[in-house]
Amino acid sequence: MEGKQQQQPPQREPGPGELKVPGAVGEEPRSDGKDAGADALGRPLGPTPSQSRFQVDLVAEAPRRANGEGDVAGKGSEEAKGRFRVNFVDPSAGDESPSEPGGGGGCSEGANVSFQNGGDTVLSEGSLHSGGHHHYYYDTHTNTYYLRTFGHNTMDAVPRIDHYRHTAADLGEKLIRPSLAELHDELDKEPFEDGYANGEEGTPAGDAAATYTPDSKGIVKFGWIKGVLVRCMLNIWGVMLFIRLSWIVGQAGIGLSVVVIAMATVVTTITGLSTSAIATNGFVRGGGAYYLISRSLGPEFGGAIGLIFAFANAVAVAMYVVGFAETVVELLKENGTLMIDEMNDIRIIGAITVVILLGISVAGMEWEAKAQIVLLVILILAIGDFVIGTFIPLDSKKAKGFFGYKAEIFMENFGPDFRNEETFFSVFAIFFPAATGILAGANISGDLADPQSAIPKGTLLAILITTLVYMGIAVSVGSCVVRDATGNINNTMITELTNCTTAACKLNYDFSSCQTGCHYGLMNNFQVMSMVSGFAPLISAGIFSATLSSALASLVSAPKIFQALCKDNIYPGFQMFAKGYGKNNEPLRGYLLTFLIALGFILIAELNVIAPIISNFFLASYALINFSVFHASLAKSPGWRPAFKYYNMWISLVGAILCCIVMFVINWWAALLTYVIVLGLYIYVTYKKPDVNWGSSTQALTYLNALQHSIRLSGVEDHVKNFRPQCLIMTGAPNARPALLHLVHAFTKNVGLMICGHVHMGPRRQAMKELSTDLAKYQRWLIKNKMKAFYAPVHAEDLRDGGQYLMQAAGLGRMRPNTLVVGFKKNWRQSDMRDVETYINLFHDAFDIQYGVVVIRLKEGLDISHLQGQEELLSSQEKSPCSKDVIVKVDYSKKAETDTSVAFVPSSSERTAALHRDLKSSSSPLNVADQRLLDASSQFQKKQGKSNIDVWWLFDDGGLTLLIPYLITTKKKWKECKIRVFIGGKINRIDHDRRAMATLLSKFRIDFSDIMVLGDINTKPKKENIAAFEEMIEPFRLHEDDKEQEVADKMKEDEPWRITDNELELYKTKTYRQIRLNELLKEHSSTANVIVMSLPVARKGAVSSALYMAWLEALSKDLPPILLVRGNHQSVLTFYS
């Protein structure tokens, strides 16, 4: 609309349910292609009620010209009424480059993305596969009827192909549909503080999605004939057709030759069907076989096959060029014009040829395609020349064994006549490489206009045509030429013999002297087709065409496959070869590498050794393509929906097995070598774990197996022999309490389930956003740190609610937690007592749900979130400017930090501020307490050495107190530790109690180093310890005897955690027992690595939270790491088999 004013429709007020449309009547029309309501940065101006990414504007009916001269449609205002476009305004877009004049440009930094909004015109089929700028404005019947009735001018987008594109797809623009938050969130609030909805961040990939606009000028794309059919036919029709096929017919006979060709065709046809299935299951990019296998089976198989397939193609160039050079040298030899000697002539001609081929390839795909067409014409003329020649039997050729079509020759040559230790399988091994080449079209998948349609059509038709030609020539040459001929014209028989046994004899030729060896006939002369043909030089041209076309196809395939492999960064060392040049993204570096490999093998010229390995490399990739289809079908992934329906998973499996068998038939040692190389590369890629996610069938099958086993497990009743501690650990952010995590991991790894519960508290909107980002981030952290655990975040008003949600809902089927693990609340005396009440109520809730409870205490503390990643912070800051993986704890409630209450994750601004604070402080040395805390947090990651695990099994809780230390000692780091068992007893029965416990432990088959019976548990503790306890609880006492009844009752109601005098007196014995036990623990277990002790139980509603907390404090203070354990009083140990 530059330079012209758009004609405006008549003014009218918006009706009910309609939006006022910016850019409509009474407002300034757009003149620069940007949204009327956006500033230079593409952000909406002014305080919009919701920072929405969408505006609706009127669009002129006639598409504006790209040159900026905006012609207005002739019908003017009448037609301009009904055209709407919903425009995407990305708050994240930075400095925005102006869109193309007229606003019809590509999606510049996220602004002006067109959405189909109620139109009824569908995208053309061609838009799926074309590059360049495409802008579709959808007709809405030239009035606002659709927008009023369909969606009420909603920003909700209707289904459209552009929403489903990949980021930076080369098919057109990716459009972004409105997020759920933008449709669902309240309008009077910002969607989120940082302006992004649904957890979207302005990541580089996200920006690419909005900004990538390909340049289509000069890009060459091929159709199915030029791109696939021609290539496959040229690659399949190799030198075999002209030089070896006649010899194969001589050895195996016509019948078995047809069988050999049919067997090879079965393998290639099944592979062709499998290739078609994978190629039609979604858009195929460049990389051919590597792309198909890696996206189906994952990077491990794809990376292995990609490398050997690219290498095989590079060496195949050398094979084909040497085949060409040998033929040229033969001609030179016949004419006596050798340059040096045979071997060196092959090297010289081969080197010159490969340089010329490189020039054609580097000139561009269009030149290479033209060269292929010329070569195909020559090849077809050569085949035609042979066929015509079979009908013109000349007398001069009869002595060489060619008699024209004769029934006698057909009958004689129909059966096999294997000589020189050849067998059916050896002949098959020689022929099979002639059938390969079916992936020549698929290998340049990135240069096809429509790979989904082209690959199936071209590949399968090429297999059909080439097979018919192979069979036709085999039958034809077998019907015309005898096996042995002398070439001597004087061998004609003057008198007819009556007892002729050979076809030649019946045709009046005596070739009986061939017993000693002849130079003509199917068996002896590789140039039979030249001899039979009408014009022999054309057959030589056909040989040149077959070899050069195959060499050219391989020279193009290898760099393309290698470039795709390098782009995926599976082998980081090869990253430099990913770079492409020019409009077609040509891999020039790859061409150079392929040229050097080919030249190296041409100069070696020992191709008889390398040929079987190359054939096996091709076959390995065929086997994996077939297996990919079987695997994807088996995994039943909803994403496996090939448009090509003529495949069967079991036939594909048979194809894969056949490929493996053929590998051994061709050459057993080459097959073994191929397996070793593939396995080695597979192990390497698996070990490296490339950071890619292609939705492979391996993932799908893993899910399916897990689902089926989980369902099967659900039908199995629990049995005491199969009991496993399945722990729900209230860790908060998993890396905030590493000691808690590692200690529990010691007895759950490879034994039971471990779920890290994280309760997010605080504003719901903020927490909901954090949940999804945390889930991926912390699960990654657990995997990276080799923790066999799951991360389960929930949002709740407080820790108790969150704990209840997790205990009731965490897990799946039989894989549900049965034990709650919490860290000891070390600073409970400084905390708000309501937090202590919440903490103690977690225990009560766990017992109500029949959970066991484990409380873990380290005297240094557990929570290191305030020191979180001193080193990690610096390193992550160096790696990237965003603090994505840095976890900084900010206590939402602004209360003193606790070991078990879990703070919500801060917003990005708070996170950045906290990060800078931490970076500053990290340069200064830690204080002694913090240093001890850091050391203590990693103590369970080290080997524990020879020491004791002391088990104080005072009360029978079903055996969990004994099972946990036993499981710990089964792990490698703890295996040298010995279990010592302490039990309570009477002084006069100590020996009896010890023997009884020893008997029980031996029946449980649990090894122990010692059993100690404590007869003095009920002795009164020391006075100073009692005094210290009373001093500790003093601030929490109610002292109701010193207050009026009403005041005391009101105080107890408001502060239920307070300790009453009555309660203190009632539980005096229990209080003394905890103090006494602490004295005994210090006396007997102060040197233990870990203490596992029965957790005292407080009756719900009778014992106040403060008193119970004081008991736990008194019991566990100043000790080595201690686990206070209480099972759910169901047996977890049994001595029955």
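Colleague: At what relative accessibility does Arg800 stand, and does it count as buried, exposed or partly exposed?

Modeller: The general idea is a scale with two cut-offs: buried means under 20% relative accessible area, exposed means over 50%, and partly exposed lies in between, with a 1.4 Å probe and protein chains only. Arg800 has 28% relative accessibility and therefore counts as partly exposed. Please keep in mind that this is a predicted model, in which local features need pLDDT of at least 70 and side-chain atom pairs count only at pLDDT 80 or more, while totals for chains, interfaces and linings use all residues. Residues are numbered from 1 along each chain as its sequence is written, and side-chain values use heavy atoms, with hydrogens and water left out.

Colleague: With which residue does the side chain of Arg800 meet in a salt bridge?

Modeller: Side chains of opposite charge can pair when their charged atoms come close. The rule used here asks for a side-chain nitrogen of Lys or Arg within 4 Å of a carboxyl oxygen of Asp or Glu. Arg800 meets Asp845 in this way, at 2.8 Å from N to O. The two residues belong to distant parts of the chain, 45 residues apart, with Arg800 in helix H26 (residues 799–809) and Asp845 in helix H27 (residues 833–848). Asp845 has a relative accessible area of 6%, which means that it is buried. As for the helix labels, helices (H or I, at least four residues) and strands (E, at least two) are DSSP runs numbered from the N terminus.

Colleague: How many salt bridges does the rule give in total, and which residues are linked in a network of them?

Modeller: The count comes to 19 salt bridges. Asp417, Arg419 and Asp484 are linked in a network, and within it the closest N and O atoms of Asp484 and Arg419 are 2.8 Å apart. Asp484 lies in the loop between helix H15 (451–480) and helix H16 (503–506), and Arg419 in the loop between H13 and H14, so the pair ties together parts that are 65 residues apart in sequence. Asp484 is buried because its relative accessibility is 18%, whereas Arg419, with a relative accessible area of 27%, is partly exposed.

Colleague: Which residue forms a salt bridge with Arg1037, and is Arg1037 buried or exposed?

Modeller: The partner is Asp1061, with the closest N and O atoms 2.9 Å apart. This pair, too, links distant parts of the chain, since Arg1037 is in the loop between H33 and H34 and Asp1061 is in helix H35 (residues 1061–1066), 24 residues apart. Arg1037 is buried, with a relative accessible area of 18%, and Asp1061 counts as buried at 15% relative accessibility.

Colleague: Which residues form the nonpolar patch on the surface?

Modeller: Patches are made of residues with over 30% relative accessible area and no salt bridge, where like charges are joined within 9 Å and nonpolar side chains (Val, Leu, Ile, Met, Phe, Trp, Tyr) within 5 Å. Val609, Phe664, Trp668, Trp669, Leu672, Leu673 and Tyr675 form the nonpolar one, with about 660 Å² of accessible area together, such areas coming from the Shrake-Rupley method with a 1.4 Å probe, and only the protein chains shown counting as cover for residues. Helix H22 (residues 668–688) gives the largest share, five residues. Among them is Trp669, which is partly exposed at 35% relative accessibility.

Colleague: How many residues of helix H31 are buried?

Modeller: Helix H31 (residues 960–969) is mostly covered, with nine of its ten residues buried, including Leu960, Ile964, Pro965 and Thr969. For the protein chain as a whole, 53% of the 1137 residues count as buried, and its secondary structure comes to 37 helices and twelve strands.
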